[in-house]
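This briefing is for a reader who is new to the structure. Please look over the sequence and the model, then go through the points below.

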Amino acid sequence: MELNLNKKKKQKTENSSTGNSEVFASCSFESLGLHTTLCEQLKERLGFEAPTLVQAQAIPVILSGRHV
């Protein structure tokens with residue numbers, strides 16, 4: 001049983017490390033139109049270096065003033 005649990009834990013770790021490219025966009029927060037100071041704070045205080053795919057699609061729409 002313990003061996004089986006370790007195997008599942010290893011698979012979960014491998015899946016989460018390969019899944020990063022499926023979650024994060026290849027652009028930066030700044031390229032989405034966010035203020036430079038906000039982008040710096042996102043990185044320094046929260047450790048966010050890249051937006052998620054959903055954020056990359058939603059932020060420009062929100063900044064344009066359209067309803068989301």
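Gly-33 lies in the loop that runs between helix H2 (20-23) and H3; helices (H or I, at least four residues) and strands (E, at least two) are DSSP runs, numbered from the N terminus. This is a predicted model, in which local features need pLDDT of at least 70 and side-chain atom pairs count only at pLDDT 80 or more, while totals for chains, interfaces and linings use all residues. Residues are numbered from 1 along each chain as its sequence is written, and side-chain values use heavy atoms, with hydrogens and water left out.

- Gly-33 counts as exposed because its relative accessibility is 52%; exposed means over 50% relative accessible area, buried under 20%, and partly exposed in between (1.4 Å probe, protein chains only).
- From Gly-33 to Leu-63 the sequence separation is 30 residues, and their C-alpha atoms are 7.7 Å apart.
- Leu-34 is in contact with Phe-29, Cys-39, Leu-42, Ile-59 and Leu-63, its neighbours within four places in sequence being left aside; contact means heavy atoms within 4.5 Å.

**Overall make-up**
- The chain has four helices and zero strands, in the order α-α-α-α along the sequence.
- Of the 68 residues in the chain, 15% are buried.
- The accessible surface of the chain is about 5800 Å², and carbon and sulfur atoms account for 56% of it; such areas come from the Shrake-Rupley method with a 1.4 Å probe, and for residues only the protein chains shown count as cover.
- When contacts between residues at least 6 apart in sequence are taken, 56% of them join residues at least 24 apart.

**Core and cysteines**
- The largest nonpolar core consists of eight residues: Ala-25, Phe-29, Leu-32, Leu-34, Cys-39, Leu-42, Ala-56 and Ile-59.
- At least two residues of this core come from H3, and at least two from H4.
- A nonpolar core is a set of buried Ala, Val, Leu, Ile, Met, Phe, Trp, Tyr and Cys residues joined through side-chain atoms within 4.5 Å.
- Cys-39 is buried because its relative accessibility is 12%, whereas Cys-27 is partly exposed, with a relative accessible area of 26%.
- The whole structure has zero disulfides, a disulfide being a pair of cysteine sulfur atoms within 2.5 Å.

**Annotated stretch and Glu-49**
- An unreviewed UniProt entry assigns "short sequence motif: Q motif" to residues 27-56, and UniProt also lists residues 27-56 for "domain: DEAD-box RNA helicase Q" (unreviewed entry).
- UniProt positions are in the numbering used here, feature names are shortened, and annotations may be inferred rather than shown by experiment.
- Residues 27-56 are 50% helix and 0% strand, with 8 Å between the end C-alpha atoms.
- Glu-49 sits in the loop between helix H3 (36-46) and helix H4 (53-63), and Glu-49 is exposed because its relative accessible area is 60%.
- Glu-49 touches Phe-29 and Lys-43, residues up to four places away in sequence not being counted.
- The C-alpha atoms of Glu-49 and Cys-27 are 9.5 Å apart, across 22 residues of chain.

**Confidence**
- The mean pLDDT of the chain is 82, and 72% of the residues score at least 70; pLDDT is the predictor's confidence in each residue, from 0 to 100.
- Among the elements of the chain, H3 has the highest mean pLDDT (97) and helix H1 (residues 2-18) the lowest (49).
- Over residues 8-15 pLDDT stays under 50, and the model has zero contacts beyond four places in sequence for them.
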